[in-house]
Amino acid sequence: MAGSHIALGAAAWFAAAPRLGLPALDPAMLGLAVCGALLPDIDHPKSWMGKRLRPVSTLLGAVFGHRGMTHSLLAVAACIVLMLRQEVPLAISAPLVVGYLSHLAADLVTPGGLRLAWPLRGTYALPICRTGSAFEPLVVAVMLSWAWGSTPARPDLSAGLRATGICRVLGPSLPAICPPGAAAEIPPRAPDAAAAWQQLRQSGEVLLARHMPGGR
């Protein structure tokens, strides 16, 4: 469920960011964490991410199947390599990896589990709840509460998601986090420095003209 993965990805970033020395509510980093939380399902053409990345998702689904390579220890190893590469700024790699791993952790607690040893057969699972069941929101709420309690600061989840523009896309799927009207909120525009300088200059010229001989 895209909504659950988004909420858990954001919560995981809120908990991890302060420990990595990064701002939890930076819109760009929060957006990367959410993208990372949706990225593993690129192997499913009907997932939220898969629908937007066709035909890549169709090809991956046909070759590897859902919850295959992108949900395996190979993907975890790729996350570790990304974190260790000094050419990639931590502000980019960290939120992507945190979001990605939050997705794998969430899928691990469903009966479908993960094929961690892909391409070998066999799944590993801690079947706490079934995807799409009525119990899922409770599990998500418990994980959110844990992440919230472990976060040194108390960031505003709604404000952070609105800042990334996620509420505009998935507002109906996250009514508790993106209340009605939140998606329509537009941050105030920064003042136009050039226009302000021009206005100040014109005001100065008027004052100077008034105090010069012959001025009114």
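Reader: How far apart are the end C-alpha atoms of helix H1 (residues 2-16), and what span should its 15 residues have?

Author: The model is predicted. The expected span is 1.5 Å times one less than the number of residues. For the 15 residues of H1, at 1.5 Å a residue, that gives 21 Å, and the distance between the end C-alpha atoms agrees with it: 21 Å.

Reader: How many of the 15 residues of H1 are buried?

Author: Buried here means under 20% relative accessible area. H1 is largely enclosed by the rest of the structure, because its count of buried residues, out of 15, is 13.

Reader: What share of the residues in the protein is buried?

Author: The protein has 216 residues. The same cut-off of under 20% relative accessible area defines a buried residue. Over the protein, the buried share is 36%.

Reader: Which residues make the nonpolar surface patch of about 210 Å²?

Author: A residue in a patch needs over 30% relative accessible area. Leu 90, in helix H6 (residues 90-108), is partly exposed, with a relative accessible area of 36%. The patch is made by Leu 20, Met 83 and Leu 90.

Reader: How many helices and strands does the protein have?

Author: Along the sequence the pattern reads α-α-α-α-α-α-α-α-α-α. The secondary structure therefore comes to 10 helices and 0 strands, with helices and strands taken as DSSP runs.

Reader: What percentage of the contacts with a separation of 6 or more joins residues 24 or more positions apart?

Author: A contact means heavy atoms within 4.5 Å. Among contacts in the protein with a separation of 6 or more, residues 24 or more positions apart account for 54%.

Note on methods: Residues are numbered from 1 along each chain as its sequence is written. This is a predicted model: local features need pLDDT of at least 70, side-chain atom pairs count only at pLDDT 80 or more; totals for chains, interfaces and linings use all residues. Side-chain values use heavy atoms; hydrogens and water are left out. Patches are made of residues with over 30% relative accessible area and no salt bridge: like charges are joined within 9 Å, nonpolar side chains (Val, Leu, Ile, Met, Phe, Trp, Tyr) within 5 Å. Accessible areas come from the Shrake-Rupley method with a 1.4 Å probe; for residues, only the protein chains shown count as cover. A salt bridge is a side-chain nitrogen of Lys or Arg within 4 Å of a carboxyl oxygen of Asp or Glu. Helices (H or I, at least four residues) and strands (E, at least two) are DSSP runs, numbered from the N terminus. Buried means under 20% relative accessible area, exposed over 50%, partly exposed in between (1.4 Å probe, protein chains only).
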